[in-house]
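Subject: A structure to look at

Dear colleague,

Please find the structure below, handed over for you to read alongside these notes.

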Amino acid sequence: MTVLAAALAAALLPIATPAVAADHSRDDTRTVVRPTLEARATLSADYLASGPQSGALATPANGRTGPFPGQVIPGFSGVVEAGDGTFWAMPDNGFGSKANSADFLLRLYRVTPKWETAKGGKGEIRVNGFISLRDPDHRIDFPIVHGDTKRRLLTGADFDIESVVREKDGSFWIGEEFGPFLLHVDATGKLLAAPVPFPLGKSPQNPYLRGGETPRIKASRGFEALARSKDGRYLYPITEGAFVDDTLQRRRTISEFDTRTNRYTGVTWAYQTDQDANLVGDAFTTGRHKLLVVERDDFQGEASVIKRVYAIDLDKRDVDGFVSKTLVLDALKIANPHHLGAGDGYGTGDPFSLPVQSFETIVQLSDGRLLIANDNNYPGNAARIAGKPDDTEMDIIDLRHVRVTPSATTVIGHRGASGYRPEHTIASYETAIRLCADYIEPDVVSTKDGVLVARHENEIGGTTNVADHPEFASLRTTKVVDGRSITGWFTEDFTFAQLKTLRAKERLPLVRPANTAFDGLYEIPTLDEVIDLARHSVSCDGKQVGVYPETKHPTYFDSIGLSLEEPLVAQLKANGLDRRNAPVFVQSFETGNLRELSHLTRAPLVQLVDCSGAPYDLVAAGDPRTYKDLVTASGLRTIATYADGVGLCKDVMIPRTATGTLGSPTSVVTDAHRVGLEVHGWTFRRENQFLPAEYRIGSDPNAVGDLAGEIRAFVGIGMNGLFSDNADLAVAAVG
């Protein structure tokens, strides 16, 4: 095994979890895998191959309007290593639909990348020639565009080809989406047999769809991914999307096809995406029943969230019953020490990213490195430079081993990376992970039908676009929550299905105007989705990312019959997190539900303490104790009987003076440590208005101040961890 192959093998190992969650020892130096860009080459988006004009009906975009005087190459949906430094690269059906792609000829291009590396190089993809897909032997029994010609060249109105593998005899198997079908062509592109239909369903474009028959495959959600067993006997096509009638819309189906019998075996596996809308973009076999799988969202540029490569093992199931998956590569965070591609637009610095909409190629090269590439949906995508169609690019990634020494201070991504993305979205959580947060923090509330979702409050008028949905106007109401009268829309009045139709928006638009660029893009995630994202992610120190859920208004939710505790514990158990050494903390501002949770779960618990006031459960019970009473030496001893840590408002640790500067520290940190409690502080934000006076820079309350200076002051008195809206700055501050 080569060193590079060994690196890949190491990346496929299960992720290690901390020995004891409440201890969080960081004094161990460890080896982690750091994906690193080693080579890059691009093909101009405007490159035209020989042939008749194409794109007469393509949707104009980015200053390009068809028809184009030749055959467009709209990116690569599949790539096969040819073994001599060249590759077979396959575009899809052209311009996105049957209706606009009849003038696009289906081909596989032989390309030679002239790599840009640390030693230099042109960084160009050269097109050497192509083979045309065709059906001269009339294997296809339905009408095709060129059906009355001798060669019967296939077009993008006939098939939407998306994935390809090559047999030892030089022939190709191709997965497509209109059927979906499997196509087998020889080394010259000639169809060898009739298209093989998918026994589990048809798409709306399937030519055999009967009148009144309901398609099970959504349009353009067929075989985007296709892998081949090492011996060539089996193919593994994977549906890009869920079946229409599947109650679990995160499920994708992996099927087994026997090339000897030319039949599906009936064996299937289930793969779970991180969110309903995510797509499976490609697959590549690395061993017996072991595959690399591309999972992506449909966003591009800075809005991109999931552009990942997971390793899956068909012989292993995760806690949800799906094939196990382990993160190998986050294509939005690739080390680029040699600044390859610098200046080519967004994402070409260090770190490098592939923020394209259609990340659709993963190949493990013969030397163990990974090749990734994109479909640019010409002329529609402009992820790198606004207004300019994306070039087609091929990137080679080395999975390097590096030594890291974790910090002793835990960084919790407060509502994700809420300083950079709308809070409590998968985008916010994933950004926090890329910025090296150890934990991500979802606040948990309930829907009408008992689904736990991530929102800061159950009132969602300020964090979603619900006001723009006239169908929900009647749900606007006034309620008393924890003794406060609030008017708006509340999660407990929505079913989960209704809530999923809403999109998040920035809660503090005047403070963080840049975040409003993402308004209306992202769904409200479930707690299960947040936990799954965390357990399928790796922190910068090589550990499984932790999750830090907070139960919001538990007394209120109990009063309306939507208890948070039992479904929360059920989620922890379902995800293998109901244990002392799990990378999880459960927190609450109330005391009673933490006491209840201490009997329901073995996961570590954290008592939150506000700067003033009292836990609402105590208020409701007529108990006179306040948060101030909770942090006395006696109060902390009591907390230690049911919790493992305290999450303290910053002023409880270091009060501010009358002039707004930091005063003298209290004894609370020392007292908490004395009774065995871990201390986490909240919330550390970079804007001046949230900082002590001595750490503000300038007079603009929304300008960025010296957050690192404030954090170091609190770490200096023994604080073990901190919640921050800006995980990158917090990580840099704690070393």
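Strand β23 is joined to strand β24 (residues 439-441) by 3 bridges, and the two run parallel; strands here, like helices, are DSSP runs numbered from the N terminus, with at least two residues (E) for a strand and at least four (H or I) for a helix, and two strands pair if DSSP finds at least two bridges between them. Please keep in mind that this is a predicted model, in which local features need pLDDT of at least 70 and side-chain atom pairs count only at pLDDT 80 or more, while totals for chains, interfaces and linings use all residues. Residues are numbered from 1 along each chain as its sequence is written, and side-chain values use heavy atoms, with hydrogens and water left out.

In β24, H414 has E441 as its bridge partner. A further 4 bridges join β23 to β35, again with the two strands running parallel, and there T410 is partnered by G721. Strand β23 (residues 410-414) is mostly covered, since 5 of its 5 residues are buried, where buried means under 20% relative accessible area, exposed means over 50%, and partly exposed lies in between (1.4 Å probe, protein chains only). In a regular strand the side chains alternate between the two faces of the sheet. In β23, T410, I412 and H414 point one way, whereas V411 and G413 point the other way, and all are buried.

These strands belong to an open sheet of 11 strands with mixed pairing, in the order β26-β25-β30-β31-β32-β33-β34-β35-β23-β24-β29. At the edges stand β26 (452-454) and β29 (546-547), each with a single partner strand, so one side of each is left without a neighbour in the sheet. Elsewhere in this sheet, strand β30 (residues 550-551) is joined to strand β31 (residues 586-588) by 2 bridges, and they run parallel; T551 stands opposite S588 in β31.

**Helices that pack against other elements**

In helix α7 (residues 592-600), the buried residues are N593, L594 and L597. Seen down the axis of α7, these fall within an arc of 100 degrees, so they line one face of the helix; the arc is that of the directions from the helix axis to the C-beta atoms. They pack against β30, α5 (554-559), α6 (565-574), β31 and β32 (605-609), where contact means heavy atoms within 4.5 Å.

Helix α13 (residues 707-715) has L707, G709, E710, I711 and F714 as its buried residues, and these pack against α11 (650-653), β34 (678-684), β35 (721-724) and α14 (727-734).

**A hairpin in another part of the chain**

Strand β12 (residues 225-228) is joined to strand β13 (residues 234-238) by 4 bridges, and here the two run antiparallel, with L226 opposite P237. From β12, A225 and A227 point one way and L226 and R228 the other way, and all are buried. The hairpin of β12 and β13 has 5 residues between the strands, and in it G232 takes a positive phi near 85 degrees.

**Backbone details to check**

Most residues other than glycine have a negative phi, and most peptide bonds are trans. With that in mind, what is the peptide bond from G179 to P180? This bond is cis, with omega near -5 degrees, and P180 is found in the loop between β9 (172-176) and β10 (181-185). The bond from Y378 to P379 is also cis, with omega near 0 degrees, and P379 is placed in the loop between β21 (370-375) and β22 (392-404).

Phi of D482 is near 55 degrees, a positive value in a residue other than glycine; D482 lies in the loop between β27 (477-481) and β28 (484-488) and, at 22% relative accessibility, counts as partly exposed. H553, which is not a glycine either, has a positive phi of about 50 degrees; H553 is found in the loop between β30 and α5 and is buried, with a relative accessible area of 14%.

**The chain as a whole**

The secondary structure of the protein chain comes to 14 helices and 35 strands, and 59% of its 735 residues count as buried. The C-alpha atoms fill a box of roughly 90 × 60 × 45 Å, taken along the principal axes.

With best wishes
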